[in-house]
Amino acid sequence: MNSSTFSRRRKAAAVKPTMKTPNRMNRNHTVICSSLLLAAFTGLVSVSFADELPKLKQKEHYKIGFAQTESNNPWRLAETQSVKDEAAKRGDQLVYTDAAGSAAKQVADVNSMIAQGVDVILLAPREEKPLVPAVMAAEKAGIPVILLDRRVDPVAKPGVDYLTFIGSDFVDEGKRTAEWLAKKMNGKANIIELQGTTGSSPANDRHTGFVEGIKAYPGMKIVASQSGDFARDKGRQVAETLLQAHPDANAIYAHNDEMALGAIAALEAAGKKPGSDVIVASIDGEKDGLQAIADGKLAVSVECNPRLGVKAFQVIDRYAKGEKIPTWVKSDDRLFDDANAKENVASAY
Ligand code: AHR
């Protein structure tokens with residue numbers, strides 16, 4: 001089978017989702033596996049499903065790869081800084097890459113880390129599907145992978161294909177934002193949704209969670225939904241267009257603070273008052289977001305903590321000691337609104 005190797009046991013499991021597997025997982029699983037298998041059989045990629053997680057030797061200092069997805073907002077910068085700070089504190093060598101918003105570059109970055117023989121790879125995958133082969137390639141090369149902040153498609157499983165996922169519950173973030181907004185709007189609103197990067201786990205899950213959260217309120221309607229790519233200016237542009245098309249919109253749900261701040265700029269440019277004419281709700285809890293709450297322009301921001309560096313290195317230590325690592329090391333996230341935003345501005349990123 002040329003360069004592609006498949007464990008018979010895992011291959012069977014990969015192509016045959018069980019009856020218990022949820023629908024999205026079934027569909028994704030089948031599509032991804034078919035694509036991977038086709039690519040492998042045609043010799044385009046080398047894919048391997050190993051039987052167990054790669055081991056990690058205990059060392060005084062590690063060579064750690066961190067494949068970041070981009071550096072286009074304060075959240076990303078805070079995450080990168082927390083990883084760099086912790087590596088420096090421990091005297092570990094960090095091989096850092098920035099994929100500049102390209103999933104293809106991020107795959108190449110991971111492959112380069114594999115070639116450089118890093119001990120562990122921390123990966124913040126830009127999108128769910130394209131990074132699966134990179135995770136599999138690292139596993140095949142005997143390098144444990146820890147997914148930081150975002151997930152990959154469920155065809156790759158924590159505790160099996162990669163060590164663990166460290167990060168927030170994005171579905172819950174969407175749900176909490178929806179419930180807060182529904183209360184604020186007395187169960188009735190025409191909502192514009194600014195989605196994050198298409199195909200990324202936070203965009204998928206924050207949409208799912210929000211839809212789930214407004215289900216109990218028939219008067220809460222999403223009138224338009226479009227991606228602003230988690231970026232402030234893109235959020236502003238998309239909000240500008242959608243506000244023109246939906247002049248009756250009285251709420252905006254942005255998947256992150258940066259897009260919410262862009263939407264606030266678009267509202268002000270259109271002569272509307274954020275905070276009274278249109279209520280803006282978002283996720284992250286960055287410094288500018290909390291300041292906008294204190295200023296009465298942003299209504300709420302459900303926290304998504306980017307400072308994951310300490311947790312990541314603690315997991316590495318525990319794994320090297322032979323401890324069993326949970327498949328999800330969950331962040332404990334707060335909610336900021338006018339009751340507590342002001343006092344948290346100074347400590348925010
Ligand atoms: O994956 C987390 C999300 O990605 C954050 O909400 C966002 O700001 C970032 O780019």
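Tutor: Here is a chat about the chain as a whole, its cavity and a few residues.

Tutor: Ground rules before that: this is a predicted model, where local features need pLDDT of at least 70, side-chain atom pairs count only at pLDDT 80 or more, and totals for chains, interfaces and linings use all residues. Residues are numbered from 1 along each chain as its sequence is written, and side-chain values use heavy atoms, with hydrogens and water left out.

Student: Fine. How many helices and strands does the chain have?

Tutor: There are 12 helices and 12 strands, taken as DSSP runs numbered from the N terminus (helices H or I, at least four residues; strands E, at least two).

Student: And what share of the residues is buried?

Tutor: Of the 349 residues in the chain, 53% are buried. Buried is under 20% relative accessible area, exposed is over 50%, and partly exposed is in between (1.4 Å probe, protein chains only).

Student: How much of the contact list comes from residues 24 or more positions apart?

Tutor: They make up 76% of the contacts with a separation of 6 or more, where contact means heavy atoms within 4.5 Å.

Student: Switching to holes. How many cavities of 30 Å³ or more are there?

Tutor: The count is 1, and about 100 Å³ of space lies in the largest cavity. A cavity here is a set of points on a 1 Å grid over the protein atoms alone where a 1.4 Å probe fits but cannot get out, and lining residues have an atom within 4 Å of a point. Points are joined across faces, edges and corners, and the volume is the space filled by probe spheres set on them.

Student: Where does it sit relative to the domains?

Tutor: Between domain 2 (63-168 + 306-332) and domain 3 (170-304), because both give residues to the lining. Those bounds come from an automatic or database domain assignment.

Student: Which residues line it?

Tutor: Among them are Trp 75, Arg 76, Asp 149, Phe 170, Arg 206, Asp 284 and Cys 304. Helix 3 (74-90) and helix 7 (201-214) each supply at least two lining residues.

Student: You listed Asp 284. What's its phi?

Tutor: Near 135°, a positive value in a residue other than glycine. Most residues other than glycine have a negative phi. Asp 284 is in strand 9 (residues 279-284), and at 4% relative accessibility it counts as buried.

Student: Which other residue has a positive phi, near 50°?

Tutor: Ala 100, in the loop between strand 2 (93-98) and helix 4 (103-115). Ala 100 counts as exposed because its relative accessibility is 62%.

Student: What about Gly 101, what does that touch?

Tutor: Leaving out residues up to four places away in sequence, Gly 101 touches Thr 69, Glu 70 and Arg 126. Gly 101 is in that loop between strand 2 and helix 4 too, and at 24% relative accessibility it counts as partly exposed.

Student: New topic: Met 220. Buried or exposed?

Tutor: Buried, at 5% relative accessibility, and it lies in strand 7 (residues 220-227). The C-alpha atoms of Met 220 and Lys 188 are separated by 4.8 Å, though the two are 32 residues apart along the chain. Beyond four places in sequence, the contacts of Met 220 include Leu 181, Met 185, Ile 191 and Ile 214.

Student: Last one, where is Ser 331?

Tutor: In the loop between strand 11 (328-330) and strand 12 (335-336). Ser 331 counts as buried at 11% relative accessibility, and its contacts beyond four places in sequence include Gly 167, Asn 305 and Lys 311.

Technical notes. On a 1 Å grid over the protein atoms alone, a cavity is a set of points where a 1.4 Å probe fits but cannot get out, and a pocket is an open set with protein on both sides within 12 Å along at least five of seven lines; lining residues have an atom within 4 Å of a point.
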